[in-house]
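Please keep the sequence and the model at hand while reading.

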Amino acid sequence: MKQRVFDPFRLDVPAFAADAAELDGQWPLTAFPRLAEAGATDAPDGPHEAVQWHARGESRGRRAGEPQLWLHLQADTHAWLQCQRCLQPMRQALAVERVFRFVRTEAEAEAEDPDSEEDVLALSRAFDLRALVEDELILELPLVPRHEVCPDPLPLPQSDTAPDPLQAQAEAAPHPFAKLAVLKRGKSSH
């Protein structure tokens, strides 16, 4: 019997689950435009990161009705983000391990998802596995990325404006109680 070939960009989820098939691979991080948008704009040059991924289908029989269709997904990569403390780029590990159960319609998925321990998705004729991997990696991004210890302190802003004339005048004028201090010192010496 010839084994079916599955396309991760147009995945036939029922057949993938029925065959208990597995797919794995690697995609360049540049293939995930929405994830790239969250990255640091001044990331260091060098070899581009890759997303390693693995997917496994599963069909679980039920006593009555159709079997349940499941997808087990693992993915990991590193992304360059901007530290919110020092504003320097930082390399952040992202890892995903999720289990999805598929149902026939969006309405079923919406109704069952809030009460399910697993994520519930609606079947589609051509499921895009790479889009799911990107969605899950985006959900793993930290809300406020920051180094454990920042490599360089944040530089203080330099003022490009002229000094405030009122502030300069106040700094140059003698303190209003300076004369009183002199008078007090003079009385205490008598």
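This is a predicted model: local features need pLDDT of at least 70, side-chain atom pairs count only at pLDDT 80 or more; totals for chains, interfaces and linings use all residues.

## Aspartate 135 and arginine 34

The side chain of aspartate 135 forms a salt bridge with that of arginine 34, at 2.7 Å from N to O. Because aspartate 135 belongs to helix H4 (residues 129-139) and arginine 34 to helix H2 (residues 33-37), the pair ties together parts that are 101 residues apart in sequence.

Arginine 34 also counts as partly exposed, at 40% relative accessibility. A network of salt bridges links Arg34 and Asp135 with Glu134.

## Glutamate 136 and arginine 98

A salt bridge of 2.7 Å, N to O, joins the side chains of glutamate 136 and arginine 98. Here glutamate 136 lies in helix H4 and arginine 98 in strand E4 (residues 89-103), so that this pair ties together parts 38 residues apart in sequence.

Glutamate 136 counts as buried because its relative accessibility is 7%, which is under the 20% limit, whereas arginine 98, with a relative accessible area of 21%, is partly exposed.

## Arginine 60 and the overall count

The side chains of arginine 60 and glutamate 58 meet in a salt bridge at 3.1 Å, N to O, and arginine 60 is partly exposed, with a relative accessible area of 33%.

The count for the model comes to ten salt bridges, including the pairs of arginine 34 with aspartate 135 and of arginine 98 with glutamate 136.

Technical notes: Residues are numbered from 1 along each chain as its sequence is written. Side-chain values use heavy atoms; hydrogens and water are left out. A salt bridge is a side-chain nitrogen of Lys or Arg within 4 Å of a carboxyl oxygen of Asp or Glu. Helices (H or I, at least four residues) and strands (E, at least two) are DSSP runs, numbered from the N terminus. Buried means under 20% relative accessible area, exposed over 50%, partly exposed in between (1.4 Å probe, protein chains only).
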